[in-house]
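Me: I have a model open and want to go through it with you. Start with the terms, then the strands.
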Amino acid sequence: MCDTCGCGADSTTFRKHGEAHHHHGDGHNHDHSHPHDHSHSHDHSSDRTLAIEQDVLGDNNLLAQRNRGYFEAKNVFCLNLVSSPGSGKTTLLEKTLISLKDDFPSAVIEGDQQTMNDADRVAATGVPVLQINTGNGCHLDAKMIHTAYAELKLEENSVLFIENVGNLVCPALFDLGEDKKVVVISVTEGEDKPIKYPTMFDAADICIINKVDLLPYVQFDVEKCKEYALQVNHHLEFFELSATTGAGMDDWYNWLKAQVNK
Ligand SMILES: Nc1nc2c(ncn2[C@@H]2O[C@H](COP(=O)(O)OP(=O)(O)OP(=O)(O)O)[C@@H](O)[C@H]2O)c(=O)[nH]1
Ligand SMILES: [Mg+2]
């Protein structure tokens with residue numbers, strides 16, 4: 001049970017492509033008695049709820065710093081991809097991994113509540129991948145990432161892509177030790193998402209506006225979307241692209257290569 005947002009992170013499994021899944025004792029309090037509940041109503045005292053949230057996030061932040069130290073020591077550049085479900089994170093990853101396979105070694109940690117679908121798609125590119133199934137959990141946390149990269153055995157001077165659980169709310173709270181948080185929004189979601197879900201856009205460093213090939217068919221004002229996002233976080237950098245047609249992908253690739261060669 002995740003005490004911070006009320007979701008159940010009590011059934012996390014770690015799976016390599018082609019491997020039968022095994023449950024992992026992840027140190028979370030196992031508590032099957034609460035339904036999925038973001039109201040925090042399970043705690044009778046709001047003071048106590050706040051204290052538990054601070055503990056959970058505090059513990060997470062400590063582990064995230066450990067992850068960050070490990071990545072720094074190995075010179076691993078780590079990206080945490082966050083978005084609502086279906087914005088195109090895996091498609092973007094598949095294309096990026098194939099296009100940049102000669103530029104640097106990569107590894108991927110996939111986060112979904114269930115299935116190996118995304119890990120299987122990534123595995124088809126030949127890049128090492130580990131799937132984390134969070135069960136009822138709605139986000140990845142630093143401890144899951146720690147367990148996952150130990151299994152993956154990261155190469156020095158490589159890039160680690162983390163695809164978070166599709167959810168525009170809870171993953172914003174959990175630092176994983178990444179260098180950059182990348183929020184993906186697709187043009188079918190409406191340009192007002194940055195002001196409706198400001199925590200995520202505030203936490204992000206990069207904002208990718210995906211599926212621009214669909215702009216002729218949907219009402220989505222790209223400039224308005226950027227304006228809203230900048231209201232929330234004026235440091236955001238934007239990429240406008242289509243992961244399926246490849247439009248705008250070169251700017252993204254050049255940015256990634258520049259980060260790795262810093
Ligand atoms: N038209 C269009 N479709 C896209 C684009 N990128 C992804 N899609 C489609 O959007 C759907 C979802 O893509 P995924 O890559 O699975 O999205 P995701 O963010 O990984 O989804 P979750 O992991 O479930 O959150 C698929 O049908 C993709 O083919 C794009 O640039 N243009
Ligand atoms: Mg995906």
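Reply: Two strands pair if DSSP finds at least two bridges between them. Helices (H or I, at least four residues) and strands (E, at least two) are DSSP runs, numbered from the N terminus. This is a predicted model: local features need pLDDT of at least 70, side-chain atom pairs count only at pLDDT 80 or more, and totals for chains, interfaces and linings use all residues. Residues are numbered from 1 along each chain as its sequence is written, and chains are lettered from A and ligands numbered from 1 in the order in which they are written.

Me: Fine. Which residue in E7 does asparagine 80 stand opposite?
Reply: Lysine 181. Strand E3 (residues 77-83) and E7 pair in the parallel sense over five bridges.

Me: And how many bridges between E7 and E8?
Reply: Five, and the pairing is parallel. Valine 184 has isoleucine 208 in E8 as its bridge partner.

Me: How much of E7 is buried?
Reply: Six of its seven residues are buried, so E7 is largely enclosed by the rest of the structure. A residue is buried if 20 or more other C-beta atoms lie within 10 Å of its own, exposed if 12 or fewer, and partly exposed in between, with C-beta atoms placed from the backbone.

Me: What does E8 do with E9?
Reply: Strand E8 (residues 206-210) and strand E9 (residues 237-240) pair in the parallel sense over four bridges. The chain gets from E8 to E9 through helix H7 (residues 222-232), a right-handed β-α-β crossover. Right-handed here means that, with the strands pointing away from the viewer, the path from the first strand over the helix to the second runs clockwise.

Me: Now the core. Which residues touch the most other members of the largest nonpolar core?
Reply: Ile109, Ile145, Leu160, Ile162 and Val183, out of 57 residues in that core. A nonpolar core is a set of buried Ala, Val, Leu, Ile, Met, Phe, Trp, Tyr and Cys residues joined through C-beta atoms within 7 Å.

Me: What does isoleucine 109 touch?
Reply: Leaving out residues up to four places away in sequence, isoleucine 109 touches Leu130, Ile132, Ile145, Ala148, Tyr149, Leu160 and Ile162. Ile145, Ala148 and Tyr149 are among the buried residues of helix H4 (residues 142-152).

Me: What follows H4?
Reply: Lysine 153, with a positive phi near 55 degrees.

Me: Switching to the ligand. Which residues come nearest to ligand 1?
Reply: Gly88, Lys89, Thr90, Thr91 and Gly166, of the 17 residues around it. A residue is near a molecule or strand if its C-beta atom, placed from the backbone, lies within 6 Å of it. Helix H2 (residues 89-99) gives the largest share of the shell, three residues.

Me: Last one, where is valine 169?
Reply: In the loop between strand E6 (159-163) and strand E7 (180-186). Valine 169 has 16 C-beta neighbours inside 10 Å, so it counts as partly exposed.

How values were computed. Contact = placed C-beta atoms within 7 Å.
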